[in-house]
Amino acid sequence: MTTTQPGQRRIVIEPVTRVEGHGKVTIMLDEHDQVTQARLHIVEFRGFERYVQGRPYWEMPVLVQRLCGICPVSHHLAAAKALDMVVGVDELTPTGEKMRRLMHYGQTFQSHALHFFHLVSPDLLFGFDADPAIRNVIGVATDPRFQELAVRGVLMRKYGQEVIEATSGKKIHGTGAIPGGINRHLDPERKAHFLAGIEQMVDWSIQTLDLCKGYTRDHLAELAGFGTVPMASMSIVREDGCFDLYDGNLRCVDVDGDIIFDGIKPEQYHEVIAEEVKPWSYMKFPFIKALGPEKGWYRVGPLARMNTCSYIDTPLAEAARAEFMELGGGKPVQVCMAYHWARMIELLHAAEKMRELLQDPDLLAGERVATGTRRGEGMGIIEAPRGTLIHHYKVADDDTVAMANLIVSTTHNNEPMNRSVTKVAVDELSGREITEGLLNRVEIAIRAYDPCLSCATHAVGRMPLEICLYDASGALLDRKAT
Amino acid sequence: MRILVLAWGNPARQDDGLGPALAAALEERAPAGVTISCDYQLQMEDAVVISQHDLVVFVDASTQGDHPFEFQPVQPVQQASFSSHSVSAAALLGLSERCFERRVPAWLLAIRGYRFEPFIEDLTPQAQDNLHAALAFLDQQLRGDAPLALAGAERP
């Protein structure tokens, strides 16, 4: 629990708006409005790993999707990858791998489009201090200058969702990926439908990337230090260092770009990463074992992936990456708000990959499932839209799950988000009047990471935004709710 | 008339699954011209689907209310601050109007739920009763001569 020390007052933003899920930000101020401490509290329940114990292992790819209504496909695929190992499959059939990849690129495409158009663009188009009444996607859609942009965002999101449905079988709780492969081919009519629209998706991705890049460059003086804290970056990459969202080994680089570890296979993840529990958060704090919990934190997600990879294997995204990396002057890019630019490079990459895959005949025919010799343990790692996602299962002889460990993207980014929140709070809030715009700056820094904080219920009447201000004694000074 | 029944909720969170449960039951008896869609939560792209229909009935669990269910018209909002996680029915109508130039009449069928604990897939007995009542009501409305034109639909 956060405690209020004498001479401090507390500002609480709960839940954080326009991030996926719920969160609470606590900023501790002293009597002179100087920030002494800032924390992002994440209300994530940790019961899922226990919940799946005793369930048959083949249920996992479907069951784990219930973790999240925002990125169920990432959990679906990470579980399937871990269970590939359990069923003894080290290499999928071409059809199995390509169908899964198409599903994953569809997921990445829709997720990144949603995040940019509906969560981030209001901040960028209207400014950090704009009236909250217009600083949202309805405001974007209502403004004649941006209406087409809002339409485009909706249609890009829809395209990605349709790809997911076609490859996983259902809009929710898809069943497409199974241990050892995939359970369907792509329907030829759906393929024709996607092909008819893919060039538009690529074009819109290019334009969106240009918009985001232009904004970042035009406002670099303001953005460079905003929430920016130098740190290590981690993701999976292929053996040759190629960017890959679906498969690879862990690579981690420090602020200078020097390798901390590389080539770590999924089954070795626990040799390089440990997890720490802190009393004031439900979330675990992973860290690099070799550096310890104090210095071993690192970022994941689009910005990290740009920093760790050696190149991208689609031409348009690779050209964009090379241009992006100039921002770091030969070292990894540390600008927190550059997450958005990096995310749009990935949007373009996903569109290019879908275009490439949709030409591939393996989607329509071929063996779907590979087989092997059963093992007792499996680990799967995937680059979810928000960052590295690790699933680890131990399976008993009776085929039930004996142990599950999940490290989700937002958990990796837990400490980085706390650091960024503190940085913004110190830079923006100290000694100044507490306004909606200032509070939103804290949220803007969090949104850069695109966190998925928990999967809450969505029943009518349950989604207020509440902002509370406490004095030094803990008494409520002010309260705002949407 | 093209009618869309758009239900949402998380079936793994007890009574939050009321929307999906109604959608599943309605699938088996919906009359022609009625499209049923179900998801974890309302999504931005639902604005496209909404714009392609003449009438929308949103279905969700409700955490409040004295009745087994409430049936109320929904008006589009043009100003809203929300997360994508919790986009409202009213905001979707606003998006449909702004982005696709379709103002679609809409109703919300809010079914009273009581417990929303994670990892429990069964509805509470009382929510189950409310579901049956709401389903019977909606079924009747959809089969009427003037489906939900619902000008005449009254709060139960």
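I begin with a term: two strands pair if DSSP finds at least two bridges between them.

**Chain A, sheet.** In this predicted model, I looked up strand β7 (residues 249–253) of chain A and found that β7 and β8 of chain A pair in the antiparallel sense over three bridges. Within this pairing I noted that A:V253 stands opposite A:I259 in β8(A). I then traced the open sheet of four strands in chain A, whose order is β8-β7-β6-β11 with mixed pairing, and I marked β8 (259–264) and β11 (298–299) as the edge strands, each of which pairs on one side only.

**Chain A, helices.** I turned to helix α3 (residues 72–86) and helix α4 (residues 94–126) of chain A, whose axes come within 10 Å and cross at roughly 150°. Because angles over 145 degrees count as roughly antiparallel, α3(A) is roughly antiparallel to α4(A). Among the contact residues I listed A:L77 and A:A80 of α3(A), along with A:M103 and A:Q107 of α4(A). By class, I recorded four nonpolar, four polar and three charged residues in the contact of α3(A) with α4(A).

**Chain B, sheet.** Here I found an open sheet of five strands in the order β2-β1-β3-β5-β4, with mixed pairing, and its edge strands are β2 (34–39) and β4 (69–74) of chain B. I followed strand β1 (residues 3–8) of chain B to strand β3 (residues 55–62) of chain B, which run parallel and are joined by five bridges; the bridge partner of B:V5 in β3(B) is B:V57.

**Chain B, helix on the sheet.** Lastly, I checked helix α3 (residues 89–100) of chain B, which packs on the sheet and touches β3, β4 and β5 (106–112) of chain B.

Definitions and conventions:
Residues numbered from 1 in each chain as written. Chains lettered and ligands numbered in written order. Predicted model: local features only at pLDDT ≥ 70, side-chain atom pairs only at ≥ 80, totals over all residues. Heavy atoms only, no water. Helix = DSSP H or I, 4+ residues; strand = E, 2+ residues; numbered from the N terminus. Axes fitted to C-alpha atoms, helices over the stretch in contact; angles between N-to-C directions. Parallel < 35°, antiparallel > 145°, perpendicular 65-115°, else oblique. Contact = heavy atoms within 4.5 Å. Nonpolar A, V, L, I, M, F, W, Y, C, P; charged D, E, K, R; others polar.
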